[in-house]
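Good morning, and thank you for the time on today's agenda. I would ask you to look at the sequence and the structure together while I speak.

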Amino acid sequence: MTGPGPLPPDAGGPPSELDKLRRRVAALSEKREEAEARLQALLGSLLSLDDVLADTRLRAGVLYEARSARETASAALALGEQIEAAHLMLRVEFERHDVRPMDVVGRALDPAEMRVVGTEPHPGRPDGTVLREKLTGFRRGSATLRPAQVVVSVPGPAPEPVPVPVPDHVPASEADTGPDLDPDLDPDLDPVSDSVRAQPRRTTRAQRRLLRKPSVRRARRPRRAG
């Protein structure tokens, strides 16, 4: 004959080791069910995102096959809207799971949340201030899910803007033509208003005196008998 089982907690006795084990198993089972429910909801939302991305791929194909400027502009606009919609869906799903992007621009460098990937001189910002993000960081609750990759300021003058080079195939006369040129100084330019760029005056083929192609040869005139 077996002895009596473990006494329940309300009977006045302390819980047995078996009761403690049962409680731990029940708690772990409850956490597992919650995790599976969250995973199921996340996968369901990703299916909708997959639908949007598949449609985005089709719209990209339409953009590639466009045969006119109007078709290209329409396809590019639709493609941009699809990409924005997919990004918004992803951010909304992140927020449902308490995942939010960091806003670190203008803040002092925090090694716990940021990784420095570049520096840039800036005379108006303190040393170590985040100027811009190379990669967005995310938090889940109060914990760092992914640190942000940032460019921070260092002491020194701001870098000078890089001048835009003029392509080699553009003639010097066209590169120098601008609204500040005086039409009276160049007879080939028409007088225009200040808001319109001066354009060269069109000339006829005879005025340009184009060189003949090498394949076109002039017929030799017969010499006169002396």
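Let me begin with a definition: two strands pair if DSSP finds at least two bridges between them. Helices (H or I, at least four residues) and strands (E, at least two) are DSSP runs, numbered from the N terminus. This is a predicted model, in which local features need pLDDT of at least 70 and side-chain atom pairs count only at pLDDT 80 or more, while totals for chains, interfaces and linings use all residues. Residues are numbered from 1 along each chain as its sequence is written, and side-chain values use heavy atoms, with hydrogens and water left out.

With that settled, strand β4, residues 138-140, is joined to β5 by three bridges, and the two run antiparallel. Within this pairing, Arg140 has Ala143 of β5 as its bridge partner. The hairpin of β4 and β5 has two residues between the strands, and Gly141 there takes a positive phi near 70 degrees.

These strands belong to an open sheet of three, in the order β1-β4-β5, with antiparallel pairing. At the edges are β1 (99-101) and β5 (143-146), each pairing on one side only. From one strand to the next, the twist averages 35 degrees.

Helix α2 packs on this sheet and touches β1 and β4 (contact means heavy atoms within 4.5 Å). The direction of α2 makes about 125 degrees with that of β1; axes are lines fitted to C-alpha atoms, for helices over the stretch in contact, and angles run from 0 to 180 degrees between N-to-C directions.

What, then, packs with α2 among the helices? Helix α1 (residues 17-64) packs with helix α2 (residues 69-96) at an angle of about 170 degrees, their axes being 9 Å apart. α1 is therefore roughly antiparallel to α2, a label for angles over 145 degrees.

Finally, Phe94 and Phe138 form an aromatic pair, with 5.6 Å centre to centre (rings pair if their centres lie within 6.5 Å). The pair is edge-to-face, with 70 degrees between the planes (over 60 counts as edge-to-face). Phe94 lies in helix α2 and Phe138 in strand β4, 44 residues apart, so this pair links distant parts of the chain.

Note on methods:
Parallel < 35°, antiparallel > 145°, perpendicular 65-115°, else oblique. Phe/Tyr/Trp six-rings, centres within 6.5 Å; stacked < 30°, edge-to-face > 60°.
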